Amino acid sequence: MIINTGDGKGKTTAALGTALRAAGHGHRVAIVQFLKGEWNYGEARALARFENVELIRIGSGFTWQAEDPAVPHNLAREAWAIAWDRVTSGRYDLVILDELNYVLGEGYVTVQEVLALLAARPAPVSIIITGRGAPQELVDVADTVTEMHCVKHPFTEGTAAQKGIEY
Ligand code: ATP
Ligand code: MG
């Protein structure tokens, strides 16, 4: 189990890099993106070329823009049910739970539920969890934890997200 956390850029892209690596070995990969809406992400286009990589995007984009708070909560629960299936099915070698830490922070999914999933997973399944603010309970049980530290990011100088770099 790998956790990519911290306030610097690279958490999701490092997970995608691992997916690329696994895909090259013919491993079966599932990526559940908890936060991403139907934005034009380059990774979604690129990953469509791999028959052994499944990308599931469930989420209203940015939850704080939702008028009804029940909507992001329900979407997160829907994504969590899919995550549970992909981890426990035995059909995947690597499952990426992108932005799960954010979902935990919002209380849509609990740390106890994640620990239960880890206990229920078949041994060979690798899991990558991304997002700022990884809870200590998950850091404690993870094998690898990397904290991306932001030294600088052009966003703070007003540069918008760049195609091919941020999306
Ligand atoms: P990436 O997807 O580029 O690897 P990330 O997963 O580490 O980034 P998130 O917290 O998921 O970062 O944030 C999503 C978006 O915010 C990305 O477009 C990312 O480039 C950008 N971002 C990441 N870190 C920072 C930062 N310190 N300041 C401003 N924007 C950031
Ligand atoms: Mg990310």
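Glu 99 is found in the loop between β4 and α4, where helices (H or I, at least four residues) and strands (E, at least two) are DSSP runs numbered from the N terminus. The model is a predicted one, in which local features need pLDDT of at least 70 and side-chain atom pairs count only at pLDDT 80 or more, while totals for chains, interfaces and linings use all residues. Residues are numbered from 1 along each chain as its sequence is written, chains are lettered from A and ligands numbered from 1 in the order in which they are written, and side-chain values use heavy atoms, with hydrogens and water left out.

At 16% relative accessibility, Glu 99 counts as buried; here buried means under 20% relative accessible area, exposed means over 50%, and partly exposed lies in between (1.4 Å probe, protein chains only). The phi angle of Glu 99 is near 70°, a positive value in a residue other than glycine. Together with Thr 12, Glu 99 coordinates the magnesium ion (ligand 2): the donors are OG1 of Thr 12 and OE of Glu 99, at 2.1 to 2.6 Å. Thr 12 lies in helix α1 (residues 11–24) and Glu 99 in the loop between β4 and α4 (100–106), so this pair ties together parts that are 87 residues apart in sequence. Thr 12, like Glu 99, is buried. Donors are N, O and S atoms within 2.8 Å of the metal (3.2 Å for Na, K and Ca), and since water is not among the atoms, sites may look incomplete.

An oxygen atom of ligand 1 is 2.4 Å from an N or O atom in the side chain of Glu 99, and an oxygen atom of the ligand is 2.8 Å from an N or O atom in the side chain of Lys 11. On the nitrogen side, a polar side-chain atom of His 153 lies 3.4 Å from a nitrogen atom of ligand 1. Lys 9 is placed in the loop between β1 and α1 and, at 42% relative accessibility, counts as partly exposed.

Strands of a sheet pair through backbone hydrogen bonds, either parallel or antiparallel. In this model, 6 strands form an open sheet in the order β3-β2-β4-β5-β1-β6, with parallel pairing; two strands pair if DSSP finds at least two bridges between them. At the edges are β3 (53–57) and β6 (144–147), each of which pairs on one side only. On average, neighbouring strands are turned by 10° against each other, direction ignored, with axes taken as lines fitted to C-alpha atoms (for helices over the stretch in contact) and angles running from 0 to 180 degrees between N-to-C directions.

Strand β5 (residues 126–130) runs parallel to β4 (residues 94–98), to which 4 bridges join it, and Ile 96 stands opposite Ile 128 in β5. Strand β1 (residues 2–5) also pairs with β5 in the parallel sense, over 3 bridges; here Ile 3 has Ile 129 as its bridge partner. Of the 5 residues of β5, 4 are buried, so this strand is largely enclosed by the rest of the structure.

Trp 80 is buried, with a relative accessible area of 4%, whereas Trp 84 is partly exposed at 33%. Arg 86 also lies in helix α3 and is buried, with a relative accessible area of 15%. The side chains of Arg 86 and Glu 54 are joined by a polar contact of 2.8 Å; such a contact is a pair of N or O atoms within 3.5 Å, where within protein one must be able to donate a hydrogen and the other to accept it, and residues adjacent in sequence count only if both atoms are side-chain atoms.
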